[in-house]
Every structure is written in C-alpha cells, then in structure tokens.
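Good morning, colleagues. Please look at the structure on the screen while I take you through a few of its backbone features.

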Amino acid sequence: MSQTVKTPPTPAPSEASNRVSLGLSNRLLARPEIGALVAAIVIFIFFLIVAPAFRSPGSFATVLYQASTIGIVAVAVGLLMVGGEFDLSAGVLATSAGLFNAMFCYQLGLNLWVGAVLSLIFALAVGFFNGYMVVRTGIPSFLITLGTFFILQGANLGLTKLITGAVSTPNINRMDGYSSLKAIFSSAWEVGGIRLEITVLWWIIFVILAAWILQRTKIGNWIFAVGGNADSARAVGVPVRKVKIGLFMTVAFMAWFVGMHLLYKFDTLQAGLGVGNEFLYIIAAVVGGTLLTGGFGNAIGVALGAFIFGMTNLCIVYAGWDPNWFRAFLGVMLLLAVMVNMYIKKLSTTRKVG
Amino acid sequence: MIRSAKGSAVSRPRKGLTLTALAAAALLALAACSGGGAPPSQPEGQQGGGGGDSGYTIAMVTHEAPGDTFWDKIRAGAEQAAKDTGAELKYSANPQVGEQATLIQNAIDSKVDAIATTLYSDALAGSVKNAQAAKIPVVGFNTGISVYQDMGALMYFGSDEDLAGQTAGKRISDAGAKHALCVIQEEGSLALEARCAGVKKSLANTENIQVNGRDVSAVTSSLQAKLSQDKSIDYIVTLGAPIALAALQSIDQSGSAAKLVTFDLNTDAAQAIKDGKIEFSIDQQPYVQGYMAVTSLYLYLKNGNDIGGGKAVLTGPSFVDKSNIDVILPFAQNNTR
C-alpha cells in the first residue's frame, strides 16, 4: 500500500527503476516475519555447517515436530499478543485438558470421544473466563492469567491425586475411541524413510488459517485495532470485548489441541507437566517479530519463531555440544535470532525514511 | 455490512441449536460403556489398621517437585507408616533449598515430635542444628547419604546413588554395552548427576544428555535427535520412569536398536519391563524410604531404637527385571512400588 503512494508518477528514467526496486524491498522488509525468516535461515545454515547429524531429512522432520508442539499454541498466543494481551495459563491448560479427558473417561468407563469433547468445552470455558475477567475488570491479562496458571497447576495435581490416587493418569490405550483419536491427534507417516508427525500438518494448517484471518479478514483488522489502541478501536465500532474474549478462547482451543496430542501420543499424562511452556509460546511469538505491546505481528512470523526455537533446541544436541552448557547455548542463539530480527527491521525503517 | 451482520445474528442461534443437538446425540451414542477403564472399585479393607493412636506428630519435609510419580510413593509410604504407628504426619515440600529450610523451621516452630527430611544440600545443615537445639530428633532419607551424620541426623534411609549407578553400569556392560547415554531430566540435581557418574565408572564410554523433564514431547524429540546424531549409542539409561516411557518412543521413532534401562518404577514402566521393552529397572524403593523414615522416628520416640548400626540403611539398588516383574507388577499398579 505504501509503495503505491511512494512511487512518484514521473521521475527520471534511471531513478525510477531504482526507486521501484527499493519500494519492493521496502515492502518486503516491512513485513513482520522477514526478520524472523532471515534469522531462521542464518541459524539453519549455521547448524548445517556445525552439526553434521542435522543434514538429513529425518532430523529436519524431528525439528519440525518439536517446533509444531510449541508452534500450535504459539500461533494463537501470537494473535492474542497482537490483540494486546498475554496468556500465562496456556501451558498448564494443555495438561489440564489432557488430564480431564483421561480421568473422566477412565473413571466412568466412557468412550474417549465424550471426554475429548467435554474437555474442549472445559478448555474453552477457561479461555472465556480469562477473557471475560480481563475485559470486565480491566486488570492486566498478565495477572489474570497468572492466577489461572496457578489455579490450574494446583488443580491438576490436587484433582489427579484425588481421583486416581497417584499423580499421573492411568493408561488409556485400551479404551474405546482411542485409535480414532490417536489418528487425529498423534498419528505419523513414513514418507520416503522420514517420519512425519501429524502435528506438523495441523501446525501448518493453523498457521495458514491464522495468517489468513489476520491479513485478509475483518476480524484480523479488529485484532490489530484492539491491540494498537483499544479505545479508538471501540470508538470506530470494533467489538473490543468480543475480540479479546475470542482471542483467549482461541488460545484455549490450541492448548486443548496440544493436550490431546500429548495424551494420545503418550497414553498417560503426569499432572506436573506443561509448567514453563507458557513462556516458550511467548518467546516464539516475540522472536517471530510480535510486539510485546500489541498491535504488530503476524502468524507466519510466530511460526518461524517456533521453528527457530525448536531448531536451536535440537541442533545443540545434533551438534553434540556439552549438555551442561545447553541453556547457555540456547540463550546465545535466541539473542542472535532477535538481534538479526531487529537489524533487519531497522534496515527497513531507515531505508523508508531515506 | 450492517444487514449481513444482522442476518447472521438471526441465523446463528438456530444453527448453533441444531449443532448442539447433534453433538448431544453423538455424545449420548458414545456414552456407552468403554472397556479398558477403571476396574470396579474394591472395598478398602486391606489397608492395615495399625497401632492405634501413639499421639506423635511427625513432620516430613522433602524437595519434591510437584507432580512427580516418584515422590508420590515416598508420601504413600510415609502415610501408611503414620497410620500403622498411629502418628500424625505433616507433609510439606519445596524443590528450592531455601524454602525447604524454611519448612523445616516451620516444623520446629510448631513443636512437632520428630522430623524426617531429605538432606538435599548443605544449606539445610543450619535447620537440622536448630532442630537438635530444640531437642527434636531428625532422620534423613532419600538424599544426603554422605552428609547426614555431619549434619546431625540420627539415621538415614535411602539408596547410594553412586553405587546404584555403578551397579547399573556394570550390568549393562556385562550385557555387552559399548556406548551408553545417560538422560538427566532435572538440571543441577546432585542425585541424578551422581547416578550418571556411577554408570560412567563402570562403563567409561557413557555420555550425559540434559532434557526438559517438564515437557514429554521435548524429551522424545531431544532423544530422537541424539540417537540420530550418534548411531553408536546402544544403551539408554533414564533416571525416572516417565522419562523411560518417553525414551521408548524415541527409540521406536528413530529406528535405533538401542536398549533401555531405567531408574525407578511406575505402572507403565513395570508393564514395559514385563513386555520386554525395558531391560531392567534400578529401584530405590521410595515407598520403603517414606515408610522407614516415619517408622524409625516412631521407634526412636517410643523405645529409643537406632536402626542401621550407625550406618545408612540402604533401600536400593534393587533390580526389577523379567525374573521378578510378575511379583512386583501388582505392587507397582498399587502405587506402592
């Protein structure tokens, strides 16, 4: 859009070609995901050089799987952050959803589909609660969802212990509905000797869907408007409350989805799982170019952020570096990614000014 | 715009209603009984009634990370012992050593009769001294085998992690292991590091890997990555039962031929041993640790007894493999082993 405004109608011939190409690169550089893309490529090439074990399609598939388990929730968290809010409860909510499904069905001897559907309703209710509390009370979402995070974390443990007498759910792989649910949430195919997990496919679908909604629909415009300035958004008729509650519920849906994946991949869940993942989602979103203050970001960028995190996480192993230093390496690589991202963004803005 | 919004607003509830009705019908159809669920509940007659009401209050303070199946068994053992001896058990836990020290101080302040605690770090020495000054007997369990006497604890119940690691290392080495991978799921844990170091003493070609024990899918993909990075790994040693189950998936998915041994047990790991997927487990019998810690304090208070002859009482390493799994599996399912 800005490019059409900037292109002067009758410039000197040589200058014109120059400006048009600049405009094109400007347009490219102004996209939020471009910094993350460059960072992903830089880190990708770096690890191809230092980690010989990474140079196989199988390894790449493992990286994609790792990225997808973060990325599915992260894409929703990214949307939420564009809408100007945080969700710290997403990581434990995934565990809650899985625990709910497993214990409800196991104790009552019901088909697992019943639990899966009820667990979805439960997760959406939690998302609704988060959103409703935020828009109703005006308390920062950081605090509201921190509360939900602690409540769920405690309830996960307390209820699991109360119901099963242990802190992990019983094995559900002999119950009705198991195979069909496993097919949806946790199947995998061998494609040319590479094992591709279905979560990767779901991740791609969710990212495309989110990108489309954000860039091409009215709701997408609303999300940007709400995150940029909620008051002016409200003034021009954007249903701010509905948008925010909807975003929280989207995060809850994705958390439920990952919870289902974990349950049907491992057949049993420990009640303490998922703590700390809420930050991974936010990290993926921020590395992918989402602004912490809201109003700026995009789905492809968040996906790249999750990819960078998953790749770095595993490639440190592929490279065979000293495991004691794992976190330190991870920190350096993430800083690197963010700095490349910043540099590219700065490049784009200075060029625009010039 | 406005019109279309209104239109959809009118049609939406109807659509929603139909959908809800459909979903409800589907759920009802599915709500038929499923196999493989919980067995019908049995009367709780077999739990021992125990020694009536001794009236002692015993505090147990641990560094449990919330939600770990292992600690659950320690606690189950301690609770059973409290029931059997008629004592009241006050359990508290915090994985951070400073907080754990505060919890011990809490127990002292509330004038309990005795304290059982894991001696996770030297930082707890001050709290144990305070308990001594208040004439409250302290026993150590689970962690701190090398320091419990210096710190002033009367007795100790636990496994020698170094010895356990060495025994495990020797056993896989005898079975032909050339290159083992030792999986550490908690960063900076002395006990876990000691186990891996023990394995390395018996099998020099052992390397460690750090994984995030709070995220099972991350554990599988990290191990998968490691197995494809180094094809020479022929044995994996995991340090907790849930991690072992995640490792099974990694082995399966990476097409590796590596064999798996693990520390500790839970129902699924016991089943996997029975099915031959896990070679063996090195069990430190957490239930016994919890049970003995409380019982020893009861005996000390009641009768002045001292257990262990001035030395630590070892609850492990005890091997669980195909030869004895049939006996142990029911206990594992019962959450006591």
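B:Pro317 lies in the loop between β11 and β12 (318-321) of chain B; strands here are DSSP runs of E with at least two residues, helices are runs of H or I with at least four, and both are numbered from the N terminus. The peptide bond leading from B:Gly316 to B:Pro317 is cis, with omega near 0°.

This is a predicted model, in which local features need pLDDT of at least 70, side-chain atom pairs count only at pLDDT 80 or more, and totals for chains, interfaces and linings use all residues. Residues are numbered from 1 along each chain as its sequence is written, while chains are lettered from A and ligands numbered from 1 in the order in which they are written.

Strand β11 also belongs to an open sheet of 6 strands in chain B, ordered β2-β1-β3-β4-β5-β11 with parallel pairing; two strands pair if DSSP finds at least two bridges between them. Because β2 (88-93) and β11 (313-316) stand at the edges with a single partner strand each, one side of each has no neighbour in the sheet. Strand β1 (residues 57-62) of chain B is joined to β2(B) by 6 bridges, the two running parallel. B:Ala59 has B:Lys90 in β2(B) as its bridge partner.

Most residues other than glycine have a negative phi. B:Asn142, however, has a positive phi of about 70°, and its place is the loop between β4 (138-141) and α5 (148-151) of chain B. B:Asn142 counts as buried, with 28 C-beta neighbours inside 10 Å; the term requires 20 or more other C-beta atoms within 10 Å of a residue's own, with 12 or fewer meaning exposed and values in between partly exposed, C-beta atoms being placed from the backbone.
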